[in-house]
Amino acid sequence: MIRPGDSMETLAFILHNLPAIGQRTLEHVSIVGVAVSLAVLTGVPIGIAITQNKRAADIVLYVAAMIMTIPSIALFGLMIPVLSLIGQGIGYLPAVIAVLLYSQLPIIRNTYTAISNVDPALREAARGMGMSAIDRLRQVELPLAVPVIMAGVRIAVVINIGITAIATYIGAGGLGAFISRGISQTDSRQLVTGALAVSLLAIVADYLLLWLQYRLTPVGIRPARWHLRRVGPKVAA
Amino acid sequence: MIKLDKLTKAFETPAGTVIAADSINMDVGDGEICVLLGPSGCGKTTTLKMINRLVEPTSGKIYLNGKDTDRYDPVELRRTIGYVIQQIGLFPNMTVEENVCVVPKLLGWDPGKARARASELLATINLDPAIFLKRYPKELSGGQQQRVGVARALAADPPVLLMDEPFGAIDPINREVIQDEFLKMHRRLRKTVMFVSHDIDEAVKMADKIAIFRAGKLEQFDSPDNILAHPASRFIAEFVGTDRTLKRLRLVKVGAAMLANAPRIGLGEPVAQALAMMDDHGQEFMVIVDAAGRPHGYVDADTVRDRSGPVGEHGLPLPATVRVEEDLRAAVSTMFMHDVRWLACVDRDGAFAGFVTQRGITRLLGETYRGPTPRPAE
């Protein structure tokens, strides 16, 4: 099916379809971006809440891991009858819901791990100085948990950029459209374009989020590496 | 200032009930340093943590300045008590300034006032505010971190300071330095301090009162000198060590053991006068002082008996002197080093103040054993 000379044809296809590729990329980013943002808003509070109860933590992490094992195509299929009740059986909404569900495990687990692993001495110092549980969370535990929570968000984004490629089968659009059409029309140009774009998007998103993770990490616990530029006044030589 | 009344803590464990603190009664006066001392698991830390209610007592009462701490919300209570722990626990996400300002911020101080306070405290602990306020904990050495930990505990000027083995993780050289700094600061601030330690030397150095714990019970609560001189039980005697009388050397200043008003003689005076003075005082030797009153040397009665002329010409050099504000340990150590039985003492200005003798020291330390003792040792 793929013959020599295809790469030139693929390149020509990409150049001729830049606006369409841009459009599909935006759809893709919109699904993952909205869903993972919502997942942060739900997963981080859940991750914090379950640090209070080991049993609850075990159950929640088990359920989140179970969701992770459902094949995406099956999850889309399962949602069609349910969401049809509100007339949204296919399209954007089920895609967002699926990504939201798949994002829970990395985000909840990383939040839970990060908060649980805060040095007990810091917690004791904070308690002994008269910080309430909310003070401790806001001023100590969450700032220290940022890098690990952000690492979870990165995992969620990269995994779901791949999963969203399937969402085209329920009419949600995205870069998966090139791949599905490439398969059905045995058109390697579209297939390769879709695959390349999805991979590139995942790499770029991961890199941007790594940068964001670095920026959000409190200065006092930032690794010395990753200094894109010097911060603060230079010390006179 | 701090009064513990039948304070008891029982922990339920799978192996049964463990009494970590058994009906502890203590009374620590305003501005005193009380060291809670004992082997690990003796209940000293549990007792300390009940004061700021990090551990809730099973029964008994704690009064701070006459007020029952049960009447306060624990979170509010802790903001009025300074707390320093061995692991220091500076928040790595905050600068030194933010760390020091934690309690003032919780108390709702004006940010400008809190910042000014942080600067002031940093200067007190010998860290230049211009350099250190904006640093992060990871950029400080262990000793600097613990100084900041103490500053943070003092930020809201609490009357009471709780310290849980605060200098335990610092190397021995820095520990001495930071202990001295803390004592100096304490003399100025007069906080009431509860200090947990497992190191008898640290306790003897820091404490006005020492409380020795064993298996949840308060075994003895007394001044360091009384604990060393009159341990209440065999356990305490063993815990403070067989060299406990030597440790008492640390508690006595040279000034207290010194023979003041000792005879002295000017450089230019004749030998005959020196001999006469020595005979009057029944002394075998005499210190020669210069015009400024500084010790110049000494004359020995036997060697100058049949000589004449000014004593300055017959004087022997002093191998060493000791300052009156040093402790007897330093004096004895100097005596041993130079193989002498007495040492001339000098005051702050270097003037001759008197002398200490080995016999004088042993007599002073022995006094407490000869007199009526409050509690005979086993």
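Visitor: What distance separates the centres of domain 1 of chain B and domain 2 of chain B?

Guide: Domain bounds come from an automatic or database domain assignment, and for chain B that assignment gives domain 1 (2-252) and domain 2 (255-364). Taken over C-alpha atoms, the centres of domain 1 of chain B and domain 2 of chain B are 43 Å apart. Please keep in mind that this is a predicted model, in which local features need pLDDT of at least 70 and side-chain atom pairs count only at pLDDT 80 or more, while totals for chains, interfaces and linings use all residues. Residues are numbered from 1 along each chain as its sequence is written, and chains are lettered from A and ligands numbered from 1 in the order in which they are written.

Visitor: What percentage of the residues of chain B count as buried?

Guide: A residue is buried if 20 or more other C-beta atoms lie within 10 Å of its own, exposed if 12 or fewer, and partly exposed in between, with C-beta atoms placed from the backbone. Of the 378 residues of chain B, 40% are buried, and for the 237 residues of chain A the figure is 36%.

Visitor: Which residues of α1(B) are buried?

Guide: They are B:K44, B:T45, B:T46, B:T47, B:L48, B:K49, B:M50 and B:I51. Since eight of the eight residues of this helix (residues 44-51) are buried, α1 of chain B is largely enclosed by the rest of the structure. Just after α1(B), the residue B:R53 takes a positive phi of about 55°.

Visitor: Does B:G366 count as buried or exposed, and where does A:A195 lie?

Guide: B:G366 belongs to helix α17 (residues 358-370) of chain B, and it counts as exposed because it has 12 C-beta neighbours inside 10 Å. A:A195 is found in helix α9 (residues 188-216) of chain A, where its 16 C-beta neighbours inside 10 Å make it partly exposed.

Visitor: How many residues of chain B are in contact with chain A?

Guide: Two residues are in contact if their C-beta atoms, placed from the backbone, lie within 7 Å. On that basis 21 residues of chain B are in contact with 18 residues of chain A. On the side of chain B that touches chain A, α2 (74-78), β6 (81-85) and α4 (102-106) each supply at least two residues.

Visitor: At what angle do the axes of α4 and α5 of chain A cross?

Guide: Axes are lines fitted to C-alpha atoms, for helices over the stretch in contact, and angles run from 0 to 180 degrees between N-to-C directions. The axes of α4 (residues 72-84) and α5 (residues 92-116) of chain A come within 10 Å and cross at roughly 130°. Angles under 35 degrees count as roughly parallel, over 145 as roughly antiparallel, 65 to 115 as roughly perpendicular and the rest as oblique, and α4(A) and α5(A) are therefore oblique to each other. The contact is made by A:S72, A:L75, A:F76, A:M79 and A:L83 of α4(A) and by A:L93, A:P94, A:I97 and A:A98 of α5(A), a set with eight nonpolar, one polar and no charged residues.

Visitor: How are α5(A) and α7(A) placed relative to each other?

Guide: The axes of α5(A) and of helix α7 (residues 133-164) of chain A come within 8 Å and cross at roughly 150°, and the two helices are therefore roughly antiparallel. The residues of their contact divide into 17 nonpolar, seven polar and two charged.

Notes: Helices (H or I, at least four residues) and strands (E, at least two) are DSSP runs, numbered from the N terminus. Ala, Val, Leu, Ile, Met, Phe, Trp, Tyr, Cys and Pro count as nonpolar, Asp, Glu, Lys and Arg as charged, and the others, Gly among them, as polar.
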